[in-house]
Amino acid sequence: HLPESSPFGRAGLSWAPCPTDWVAGEPFLGPVQRWTSLHVDLPVGPGRRADAGLPLARVTSNRIDVEALAAMDGVGRFREVLPMLMDPVSFAEAFVSGDAAGGCRVPSRGMERHRATLRSCGVASDARSRPAFAMKAFTTPKKDGRTARLVLNARPLNDAMRRPPSMDLPRLRDFIAEVERHRFAMQCDGVSYFYQFPVDASISRYFGIGMKGCDMLLNVLCMGWSWAPCIAQRASNVLVRDLGLAWVDNFLVLGGTLDEAERNVAVFRKRAQAARVEVRAEGDDALWQVRSRFVCVGVEFDLAAETQRHRLDPAWAERWVDGSGMTAVLSGRATARQFAEVFGGAVWATDILAVPRCHFAALLSFAGRLGGRMVGAAAPVWDEVVDVPPSARRELGALRKIVRENPWVVGGVPEDTGSVLWTDASSRAWAALLEAEGR
């Protein structure tokens with residue numbers, strides 16, 4: 001599918017039949033020096049397994065003063081999406097299919113055991129009438145392995161609404177480059193960040209949780225709703241404007257000197273207090289501590305080095321390299337879930353370590369074929385066992401060695417240089433557009 005906005009659509013390229021002698025997984029466009037972008041269509045991600053046996057983690061009962069936050073928004077990007085939390089008319093206007101009255105009800109198995117926790121934290125309340133959308137809720141384990149977080153399968157609501165605008169999330173290479181232009185940073189994250197955003201009572205009826213006995217209504221920003229990341233990211237951008245960067249609920253306040261960093265931290269604290277945003281330190285750091293070496297959004301930065309540098313978070317790299325999913329994939333027999341999780345890590349690692357993806361053509365090709373097959377399936381089966389071809393395993397093994405070494409990268413993630421090859425391939429047709437020297 002080639003939208004008009006894609007390079008193919010703009011070029012007006014036509015489709016041509018795939019060569020009959022081409023073997024799936026083999027390159028047929030000749031050698032490529034570097035793949036500068038990658039997009040593989042997968043169905044709704046595998047995520048972590050639902051686990052209703054774990055207790056819900058206690059979350060903050062703090063609520064952000066969204067009106068005060070909007071008043072700080074000099075650009076207006078947060079004010080643009082704020083009505084989706086507060087104005088039922090604007091919310092209803094976002095529906096593109098059917099009636100905003102909904103009518104969907106999908107029961108959640110075993111969620112009634114969490115009813116008291118949801119009530120006590122103010123996250124949800126009992127529905128006094130039938131919700132417009134009562135959707136299936138589930139829990140996923142948190143990093144501590146002892147508690148779980150609540151997620152709502154909001155696909156029925158998402159499918160009925162228009163797509164949200166841009167999140168305004170910085171590109172990874174821009175994020176890294178901006179950090180490495182500084183020498184000091186303070187980082188913190190929002191406590192149960194999505195749950196700090198209040199939802200007006202007139203809108204909460206669209207965020208119902210189908211439960212045995214009595215449905216509940218979410219009173220806070222719904223994890224699983226397509227608009228939620230956009231609202232959270234744009235709110236975060238207001239807090240760090242001209243001070244640093246935000247990655248959803250991760251805040252990074254920067255400074256070229258220690259004095260500048262501490263001044264910026266003081267401004268950030270005033271904004272957070274004015275908007276009643278609750279934050280906490282990352283890891284074992286003291287809150288508001290300014291540092292030159294730290295881990296943020298899965299990247300370790302060393303700003304004290306002669307030339308600022310970065311690499312993968314060593315703890316993440318160790319988990320990915322020695323995880324059970326990696327062992328299964330390298331053995332040649334793994335579930336689709338295990339492969340998807342390992343492959344996602346491979347994409348992340350090549351981004352952070354600036355490893356050219358042209359070295360992993362077989363791995364990328366297999367991922368594309370598997371993703372295409374699952375997208376076409378009526379119901380993707382993440383626990384289906386798949387056979388990973390030897391060529392893909394060899395390439396993954398080579399990347400595993402690089403990630404195990406986890407070398408420092410100096411100079412940021414390289415920008416696109418030289419020639420760019422855009423490709424789109426499927427079992428039916430292929431097309432390519434080569435851009436060289438700006439043409």
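Is phenylalanine 95 buried or exposed? Phenylalanine 95 counts as buried, because its relative accessibility is 12% and the cut-off for buried is under 20%. Keep in mind that this is a predicted model. The points below start with the rings around that residue and then move on to other parts of the chain.

**Aromatic rings**

- The count comes to 18 aromatic pairs.
- One of them joins phenylalanine 91 and tyrosine 206, a tilted pair with 4.7 Å from centre to centre and 35° between the planes.
- Phenylalanine 91 belongs to helix H5 (residues 88-93), while tyrosine 206 is in the loop between helix H9 (201-204) and strand E8 (208-209), so this pair ties together parts that lie 115 residues apart in sequence.
- Both partners are tucked away: phenylalanine 91 is buried with a relative accessible area of 0%, and tyrosine 206 is buried with 4%.
- Tyrosine 206 also pairs with phenylalanine 95; the ring centres are 5.6 Å apart and the planes meet at 40°, so this pair is tilted.
- Step back and you'll find a whole cluster linked by ring pairs: Phe91, Phe95, Phe133, Tyr206, Phe207, Trp225 and Trp227.

**Charges over rings**

- Elsewhere, the charged end of arginine 309 sits over the ring of tryptophan 408, at 4.2 Å from the ring centre.

**The nonpolar core**

- Nonpolar side chains tend to be buried together in soluble globular proteins.
- Here, the largest nonpolar core has 118 residues.
- Phe78, Tyr193, Phe197, Trp225, Ile231 and Trp320 have the most contacts inside that core.
- Take tyrosine 193: beyond its neighbours within four places in sequence, it is in contact with residues including Ile64, Ala232, Leu239, Phe251 and Val277.

**Helix H8**

- Helix H8 spans residues 172-179, and its buried residues are Leu172, Arg173, Phe175, Ile176 and Val179.
- Those residues cover an arc of only 160° around the axis, which puts them on the same side of H8.
- What covers them includes helix H14 (336-352) and several strands, among them E10 (244-247), E11 (250-255) and E15 (299-302).

**Valine 299**

- Valine 299 is found in strand E15, and it counts as buried because its relative accessibility is 1%.
- Aspartate 313 is 14 residues from valine 299 in sequence, yet their C-alpha atoms are 4.9 Å apart in space.
- Setting aside neighbours within four places in sequence, valine 299 is in contact with Phe294, His310, Arg311, Asp313, Trp348 and Ile352.

**Asparagine 406**

- You'll find asparagine 406 in the loop between helix H16 (390-405) and strand E19 (409-410).
- Asparagine 406 counts as buried, because its relative accessibility comes to 5%.
- A polar atom of the asparagine 406 side chain lies 2.9 Å from the backbone oxygen of leucine 312.
- Not counting residues up to four places away in sequence, asparagine 406 touches Arg311, Leu312, Asp313, Pro314, Ala317 and Leu353.
- Arg311 and Asp313 turn up among the contacts of valine 299 and among those of asparagine 406.

Methods: Residues numbered from 1 in each chain as written. Predicted model: local features only at pLDDT ≥ 70, side-chain atom pairs only at ≥ 80, totals over all residues. Heavy atoms only, no water. Buried < 20%, exposed > 50% of the residue type's maximum accessible area, 1.4 Å probe, protein only. Helix = DSSP H or I, 4+ residues; strand = E, 2+ residues; numbered from the N terminus. Arc of directions from axis to C-beta. Contact = heavy atoms within 4.5 Å. Core = buried A, V, L, I, M, F, W, Y, C linked by side-chain atoms within 4.5 Å. Polar contact = N/O pair within 3.5 Å; in protein donor to acceptor, adjacent residues only side chain to side chain. Phe/Tyr/Trp six-rings, centres within 6.5 Å; stacked < 30°, edge-to-face > 60°. Lys NZ or Arg CZ within 6 Å of the ring centre and 35° of its normal.
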